[in-house]
Amino acid sequence: MTFANMLNITSSPALSILIWIVLFLLALYFARRPFHQVIMSFSKIIRNALRLSAASVLSAEKRLALRNREVLMAAGLENAERKVEREFDRIAAAVTRDLEGYPNVHRQLSEVIVKLDEDYTSSADVPPSLPNWMPIIESIAKIEHSGDSMVANMLAEINRSLTEQNKKAIEDYRNSTAARHGILNKMMPFWRKVQRSLDSITGSIDNIKNRAKTVDRSMNEYEKIRAGSDAAARALSTSALTQFAIAGLVLLIAIGGAIINFNLIALPMSEMVGGASYIGPFKTSDVAGLVIILVELTMGLFLMESLRITRLFPIIGAMDDKMRHRMIIITFTLLAILAGVESALAFMRDRIAHDMEMLRQTLAGAEQMGLPPSIIPTVGQMVLGFILPFALAFVAIPLEMFVTSSRTVLGAGAAWLLRMFAFLLRLLGNIGFYLGRFIVNVYDLAIFPAIWLEGIIMATKSKKVDLPESAAPEDSHLVEEAADSYDETIQIKEQQE
Amino acid sequence: MKKLFALAIVVCILMAGCTDIKSRSTGVYMLLDTSGTYAVELNKAQKILNYLLGVLAPGDTLAVARIDTGSFSEKDIISKVTFDERPSVANNQKRAFMQQVESFVTTVQGSPYTDISGGILQAIEYLNEAESGKKYILIFSDLKEELAKGYKRDIPFQLPEYHVIALNVTKLRGDNIDPKEYLARVEDWRSKVENGGGEWGMINDLERLDNIFAN
């Protein structure tokens, strides 16, 4: 039936249209209930399915967050253990350094004390007392002589001898006192030495005390992490993010260094392995240059591992000291040889580049440049070629930081993505649900004349019969509240499970 | 351990198999028209060759041949070289090549006829033997072919994977009177090359030589 035929069911097209509209509205009115049920069922299916998915995603996110926290705590514990271990190593070194010499200090102190004691004893010697000659002299002086010259002479002689003896005794006394003062003077350096030794011991003990305080702090931190406190988790998470950013930045710088290094050796490598052969889409000389740089990086990595600066390879760190020392020597030697090779390659590069430039000038018909080639770029390239491998060796440190912190950062990122995905699913579920309600309302709006008539008829009936409220039809209004909280979502999931 | 060893051998074999030189190299065969009217242009050809020597890399092949009465002959090859893989050796080869070309340009004598088709056939033969990955035939000529009596060159070219580029296609006196002659001449060569499966190009402005290897 065409549209024109539809308009011709009566003689008047307007009437035909009116009839068709009425019929259409009637059809829609009678289909209203099943239509509502279909739309609402469909929207509920969408909502429940998406919310169930969201609950699953949230559950996965929770598991991931828990796992992230475990990993973070484990990393934090390991880090704290390393700190404590390092502090104990330092304490051990300090104790070995300071207290290892303690017997020697003790011996020195004992010797000094003995010496001081001896000196003290020496200084305590009583100086020779003056002979008790004064009364004798006085007695002799009181002897009256009768002018006999012989007696006078004898007395004078006695007087002189006694005076001389007196002087000598006084001099001896003074000398003895001076000697005692000298001994006391000599004691001063010993006292100072004792003071210094005691100061040194005090300093060592203070140092150990400070280390002990650091160990205490680290242990407190360790205990907090072990307790799994939120504060510790937050601190570790922030620390991991910072480490990730810093390590990433340093790695970028290292990549820049590696690129410069690569450019230094790629051209001369073509002189060694040929410049026309390819491995896959890459020039063999480029691959060879890259391999040399990667070998240098690996050697640097092993060197740092052997020095126990990094811990990417636990097997190296667990080696006994003798083996580790051997490994340090081997890796450092290889690194030095490779640095030498790179330096030579940098020299060769300069020569090749100069030769190419000369050829280009010849081909272009240009006159040769008057200035002789400077040696500075050559030396600069050689030095750079020698230094860069050693500089690249230190990449192991930021690499370890990057690897360890990336687990936390990636875990946090994945958890965030899961949360966003769950939110999106719930949002879509709700949109689907309310879209169903919207369609139902639009449907009712389209057939509002029929509903209006229904209302009038129902009102008339209710006046006549006075129907109880519970028996009134409910399909005219559709109220469906969306349970949209996380707990309800979980409940739905549990019911489904 | 055995498995690891076997894996290492397989990797080595694969690496060796992937070490490819020929397929990535470039082969250039340049034909120089030495006929009487065109011989004066050879100084320009020398500049083009210097450009090619500057651009070509180790492992590439370069040959220069003259177009004379009968060009389908190895004797017409002035100089040929496949550059060594080591850049320093390749540079010395380039210097020697330049000297040979210079010597040829100063001593060349004009030929009475112009056998371009014979030169192209010789170029195809040479570059096929060289097994270069990318093959270029450069024709430094006015594209006016004049065959001596008895020479037959009605052989279709087999030019798949070839780039044929005409350089410095000068206009003859008759072309100025009737440009159709010039256009017809160029079109004739284009159709010959493209019918043979090759790609045709033409560069008259020698400042734009970098367009030779643009494709």
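## Basis

In this predicted model, local features need pLDDT of at least 70 and side-chain atom pairs count only at pLDDT 80 or more, while totals for chains, interfaces and linings use all residues. Residues are numbered from 1 along each chain as its sequence is written, and chains are lettered from A and ligands numbered from 1 in the order in which they are written.

Helices (H or I, at least four residues) and strands (E, at least two) are DSSP runs, numbered from the N terminus.

## Side of chain B that touches chain A

In chain B, 21 residues are in contact with 17 residues of chain A; contact requires C-beta atoms, placed from the backbone, to lie within 7 Å. At least two residues each come from helix H1 (2-18), strand E1 (19-20), helix H2 (42-55) and helix H3 (87-107) of chain B. H3(B) gives the most, with 6 residues.

By class, this side of chain B has 8 nonpolar, 7 polar and 6 charged residues. Here Ala, Val, Leu, Ile, Met, Phe, Trp, Tyr, Cys and Pro count as nonpolar, Asp, Glu, Lys and Arg as charged, and the others, Gly among them, as polar.

## Strand E2 of chain B

Strand E2 (residues 26-33) of chain B has 8 of its 8 residues buried, so it is largely enclosed by the rest of the structure. A residue is buried if 20 or more other C-beta atoms lie within 10 Å of its own, exposed if 12 or fewer, and partly exposed in between, with C-beta atoms placed from the backbone. In a regular strand the side chains alternate between the two faces of the sheet. On one side of E2(B) are B:Thr26, B:Val28, B:Met30 and B:Leu32, and on the other B:Gly27, B:Tyr29, B:Leu31 and B:Asp33.

E2(B) pairs (at least two DSSP bridges) in the parallel sense with strand E5 (residues 134-140) of chain B over 7 bridges, where B:Leu32 stands opposite B:Phe140. Another 7 bridges join E2(B) to strand E3 (residues 61-67) of chain B, also parallel, with B:Met30 opposite B:Val64. The β-α-β crossover from E2(B) through H2(B) to E3(B) is right-handed: with the strands pointing away from the viewer, the path from the first strand over the helix to the second runs clockwise.

## Helix H6 of chain B

The buried residues of H6(B) are B:Arg185, B:Trp189 and B:Val193. They cover an arc of only 65° around the axis, which puts them on the same side of H6(B); the arc is that of the directions from the helix axis to the C-beta atoms. These buried residues pack against strand E6 (162-167) and strand E7 (199-203) of chain B.

The face of H6(B) turned away from its buried side carries exposed residues, including B:Lys180, B:Glu187 and B:Asp188. B:Gly197, with a positive phi near 95°, follows H6(B).

Notes
Two residues are in contact if their C-beta atoms, placed from the backbone, lie within 7 Å.
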